[in-house]
Amino acid sequence: MDTETTTTETVKEFNALLRGEISAVETYDQAIDKVEADGALSAELERCRMAHQYRVIRLSDAIRLRGGDPATSSGAWGAFAKLFEGGAALLGRASAIAVLERVEDHGLKEYRERLGKLDPSGRSLVVEDLLPGQSGTQGVVRRLGQQAAA
């Protein structure tokens with residue numbers, strides 16, 4: 001595979017990951033609005049939201065570095081997450097956290113599945129920075145889900 005093809009493919013894959021991260025930020029915004037009264041939970045969700053926002057910035061920068069145009073919206077996954085989160089908000093905090101768990105699981109799956117389609121520096125960015133961050137937010141939300149179920 002030549003360098004141009006690899007770069008083009010990496011930009012495409014990074015944009016897909018970027019749309020997922022934008023969607024995660026949007027979903028966290030909705031969840032945080034629903035749990036404002038619970039300061040500790042709200043603070044943990046805000047930290048996760050900020051971690052996703054960090055990944056939005058890192059992916060956008062990596063796309064620009066490769067001469068691409070970063071996605072500016074969450075696309076189809078974002079629309080689904082909004083609908084899903086809206087329904088969960090009607091059911092309460094535990095359901096909202098369950099939605100966030102699905103978002104986090106989906107994000108982790110996406111990073112892992114797209115890893116082999118990236119150029120070497122793209123793989124390094126994902127393996128050394130983005131994937132560990134995604135694993136971290138997934139772990140936080142999984143713990144919150146266990147606490148909500150208890």
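Reply: Here is a tour that starts with the whole chain and then moves inside.

This is a predicted model, so local features need pLDDT of at least 70 and side-chain atom pairs count only at pLDDT 80 or more, while totals for chains, interfaces and linings use all residues. Residues are numbered from 1 along each chain as its sequence is written, and side-chain values use heavy atoms, with hydrogens and water left out.

Start with the outline. The chain has 5 helices and 0 strands. Read from the N terminus, its elements run α-α-α-α-α. Both kinds of element are DSSP runs numbered from the N terminus: helices are H or I with at least four residues, strands are E with at least two.

How much of the chain is buried? Of its 150 residues, 44% count as buried. Buried means under 20% relative accessible area, exposed means over 50%, and partly exposed lies in between (1.4 Å probe, protein chains only). The chain exposes about 7700 Å², and carbon and sulfur atoms supply 55% of that. Such areas come from the Shrake-Rupley method with a 1.4 Å probe; for residues, only the protein chains shown count as cover. Contacts span the sequence too. Among contacts with a separation of 6 or more, 79% join residues 24 or more positions apart. A contact means heavy atoms within 4.5 Å.

Now go to helix H4. This helix covers residues 93-114, which is 22 residues. From first C-alpha to last, H4 reaches 32 Å, close to the 32 Å expected at 1.5 Å a residue. The expected span is 1.5 Å times one less than the number of residues. An α-helix has 3.6 residues a turn, so residues three or four places apart point the same way.

Take Ala-96 in H4. Ala-96 counts as buried because its relative accessible area is 4%. Its C-alpha atom is 9.4 Å from that of Thr-27, a residue 69 places away along the chain.

Next comes the empty space. Rolling a probe the size of a water molecule over the atoms shows where empty space is left. A cavity is a set of points, on a 1 Å grid over the protein atoms alone, where a 1.4 Å probe fits but cannot get out; lining residues have an atom within 4 Å of a point. Grid points are joined across faces, edges and corners, and a volume is the space filled by probe spheres set on the points. The count comes to 1 cavity of 30 Å³ or more. The largest cavity has a volume of about 90 Å³. It is lined by 14 residues, and the closest to its centre are Leu-17, Gly-20, Glu-21, Gly-107 and Gln-134. H1 and H4 are the elements that give two or more residues to this lining. H4 gives the most, with 6 residues. By class, the lining has 6 nonpolar, 5 polar and 3 charged residues. Here Ala, Val, Leu, Ile, Met, Phe, Trp, Tyr, Cys and Pro count as nonpolar, Asp, Glu, Lys and Arg as charged, and the others, Gly among them, as polar.

Stay with H1, which covers residues 3-34 and holds Thr-10. Thr-10 counts as buried because its relative accessibility is 0%. Leaving out residues up to four places away in sequence, Thr-10 touches Arg-66, Lys-117, Leu-118 and Asp-119.

Ile-63 sits in H2. Its relative accessible area is 0%, so Ile-63 is buried. Beyond residues up to four places away, its contacts include Val-11, Phe-14, Asn-15 and Leu-18. In H2, Arg-58 makes a contrast: at 31% relative accessible area, Arg-58 is partly exposed.

Conventions. 1 Å grid on protein atoms, 1.4 Å probe; cavity = no way out; pocket = protein on both sides within 12 Å on 5 of 7 lines; lining within 4 Å.
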